[in-house]
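Take a first look at the fold before reading on. The paragraphs below walk through it step by step.

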Amino acid sequence: MSAMILGGFLFFSVSIGGAIAWIFSKLFQHTTQGLSLLCGGFLVGLLVLDIIPSSFQIYQSFGVILGIFCWLFHLSTTRYLISCFSCTKSLGLSINTSYDYPYNTY
């Protein structure tokens, strides 16, 4: 593929991505939640429409399902270890994990 065609594809894809981001910024009025929603939607769409189906085509189903279970086990173990050995407990600090952080007043 020539460099001019590839450059054209790159230019148009970046322009379309910028237009979508601008529309979402106007739609959600420049909030962090709107940006998180946009990025999360892109990631879920990428996983569901591309990565998971192609991994089932390339690898055996047992290996993919075993990999998912190993990932979930690793995720839960890491979360448990972080909560158990967190330095904030020993220092007496508290972490605000509420989702409405800027608006709550404790």
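Helices here are DSSP runs of H or I with at least four residues, strands are runs of E with at least two, and both are numbered from the N terminus. This is a predicted model: local features need pLDDT of at least 70, side-chain atom pairs count only at pLDDT 80 or more, and totals for chains, interfaces and linings use all residues. Residues are numbered from 1 along each chain as its sequence is written, and side-chain values use heavy atoms, with hydrogens and water left out.

Start with the overall plan. The protein has four helices and zero strands. Along the sequence the pattern reads α-α-α-α. The protein has 106 residues, and 7% of them count as buried. Buried means under 20% relative accessible area, exposed means over 50%, and partly exposed lies in between, using a 1.4 Å probe and protein chains only.

Now follow helix α1, residues 3-27. The expected span of a helix is 1.5 Å times one less than its number of residues. For the 25 residues of α1 that gives 36 Å, and the end C-alpha atoms are 36 Å apart, which agrees. After α1 comes glutamine 29, whose phi is positive, near 55°.

Next, the aromatic rings. The structure holds one aromatic pair. Phenylalanine 11 and phenylalanine 12 form it, edge-to-face, at 5.4 Å centre to centre with 65° between the planes. Rings of Phe, Tyr and Trp (its six-membered ring) pair if their centres lie within 6.5 Å; planes under 30 degrees apart are stacked, over 60 edge-to-face, and the rest tilted. Phenylalanine 11 counts as exposed because its relative accessibility is 54%.

Where is the largest pocket lined? Its lining is Leu47, Ile51, Ile52, Ser55, Val64, Ile68 and Trp71. A pocket is found on a 1 Å grid over the protein atoms alone: it is an open set of points where a 1.4 Å probe fits, with protein on both sides within 12 Å along at least five of seven lines, and lining residues have an atom within 4 Å of a point. α2 (32-58) and α3 (61-84) each supply at least two lining residues. The largest share, four residues, comes from α2. The volume of the largest pocket is about 150 Å³.

Last, the cysteines. A disulfide is a pair of cysteine sulfur atoms within 2.5 Å. A search of the whole structure finds zero disulfides. Cysteine 39 is partly exposed because its relative accessibility is 38%. Cysteine 70 is also partly exposed, at 47%.

Methods: Grid points are joined across faces, edges and corners, and a volume is the space filled by probe spheres set on the points.
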